[in-house]
Amino acid sequence: MSGTKKTGRHALVNVLLAGGALGAFAAAAVAQPALPLAELGFGMYRIEAEVAHTFETRQSGLMNRTAMPLHRGMVFVFPDERAHCMWMKNTLLALSVAFLDAQGRVINIEDMQPNTTDNHCAAGPARFALEMNLGWFAERGIKAGDTLRGFDRLPAPR
C-alpha cells in the first residue's frame with residue numbers, strides 16, 4: 001500500500017514538474033527581449049521608460065504584460081513626425097498614452113482599455129508616444145502643452 005502511495009506521489013510530482021516546465025516554456029515563448037531604458041521626467045516625477053525604437057519593438061509594445069511598476073512606462077520613438085495611432089490588441093494593462101512632439105511637448109493624452117482594437121491617435125504630428133499605467137498623467141497634473149524632459153537623449157528610430 002505504501003508503495004502505491006509513494007508512486008502516486010511521485011507521479012503527481014512529475015506531472016507538476018512537467019506542468020511547471022511547460023509553463024516556463026510558454027512564458028519564455030511570449031517573453032519580450034530586454035529593451036534599453038531611458039530616464040524621462042516631468043517636474044519632480046521620474047519615469048523609467050523602456051525604449052521601443054525599432055519596427056519590431058514598436059509593433060509588440062506592452063503586449064502580454066500583466067503588470068508594470070508605477071514609475072515605469074514605454075516610450076515609442078517613431079521614424080517620422082505624423083498623427084500616429086495606438087491600439088490595445090493583446091495588451092492586458094489599462095494604459096494612458098501621451099503623444100509628444102520632437103521637443104517632448106505633450107500634444108494630447110488618451111486613456112486606453114485592455115484588449116481593444118479602438119484607435120487612439122495623436123491630435124497632431126507626433127514623434128513620440130509614452131505609455132504609462134492608466135491615469136498616471138492625470139494623477140500628476142500633466143496635460144497637453146506640458147513639456148517632459150529626456151526625449152533629446154533617446155536613440156534614433158530604426
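This is a guided tour of one predicted model, moving from the whole chain to its sheet and then to its disulfide.

**Before selecting anything**

The model is predicted, so local features are given only where pLDDT is at least 70 and side-chain atom pairs only at pLDDT 80 or more, whereas totals for chains, interfaces and linings use all residues. Residues are numbered from 1 along each chain as its sequence is written, and side-chain values use heavy atoms, with hydrogens and water left out.

**The whole chain**

Colour the chain by pLDDT, the predictor's confidence in each residue, from 0 to 100. The mean is 85, and 79% of the residues reach 70 or more. Next select residues 1–30, where pLDDT stays under 50 and the model has 0 contacts beyond four places in sequence, a contact being heavy atoms within 4.5 Å. Where pLDDT is low, the predicted coordinates should not be read in detail.

Switch to a cartoon view, in which 3 helices and 8 strands make up the secondary structure; helices (H or I, at least four residues) and strands (E, at least two) are DSSP runs, numbered from the N terminus. Along the sequence they follow the pattern α-β-β-α-β-β-β-β-β-β-α. Of the 158 residues, 41% count as buried, where buried means under 20% relative accessible area, exposed over 50%, and partly exposed in between (1.4 Å probe, protein chains only). Among contacts between residues at least 6 apart in sequence, 68% join residues at least 24 apart.

**The sheet**

Now show the open sheet of 6 strands, whose order is β1-β2-β3-β8-β5-β6 and whose pairing is mixed; two strands pair if DSSP finds at least two bridges between them. The edge strands are β1 and β6 (106–112), each of which pairs on one side only.

Start at β1 (residues 37–42), which runs antiparallel to β2 and is joined to β2 by 6 bridges. Here Phe 42 stands opposite Tyr 45 in β2. The hairpin of β1 and β2 has 2 residues between the strands, and Gly 43 takes a positive phi near 55° there.

Move on to strand β2 (residues 45–52), which is mostly covered, with 6 of its 8 residues buried. Strand β3 (residues 72–82) pairs with β2 in the parallel sense over 5 bridges, and for Ala 49 the bridge partner in β3 is Gly 73.

Further across, select β5 (residues 95–100) together with β8 (residues 126–133), an antiparallel pair with 6 bridges, in which Ala 98 stands opposite Leu 130 of β8.

The angle about the S-S bond is 105°, and the link is right-handed. Because Cys 85 lies in strand β4 (residues 85–86) and Cys 121 in strand β7 (residues 120–121), the pair ties together parts that are 36 residues apart in sequence. Cys 85 counts as partly exposed at 38% relative accessibility, and Cys 121 is also partly exposed, at 29%.

Then select His 120, which lies in strand β7 and counts as buried at 10% relative accessibility. Leaving aside its neighbours within four places in sequence, His 120 is in contact with His 84, Cys 85, Met 86, Phe 99, Glu 110, Asp 111 and Met 112.

Conventions
Disulfide = S-S within 2.5 Å.
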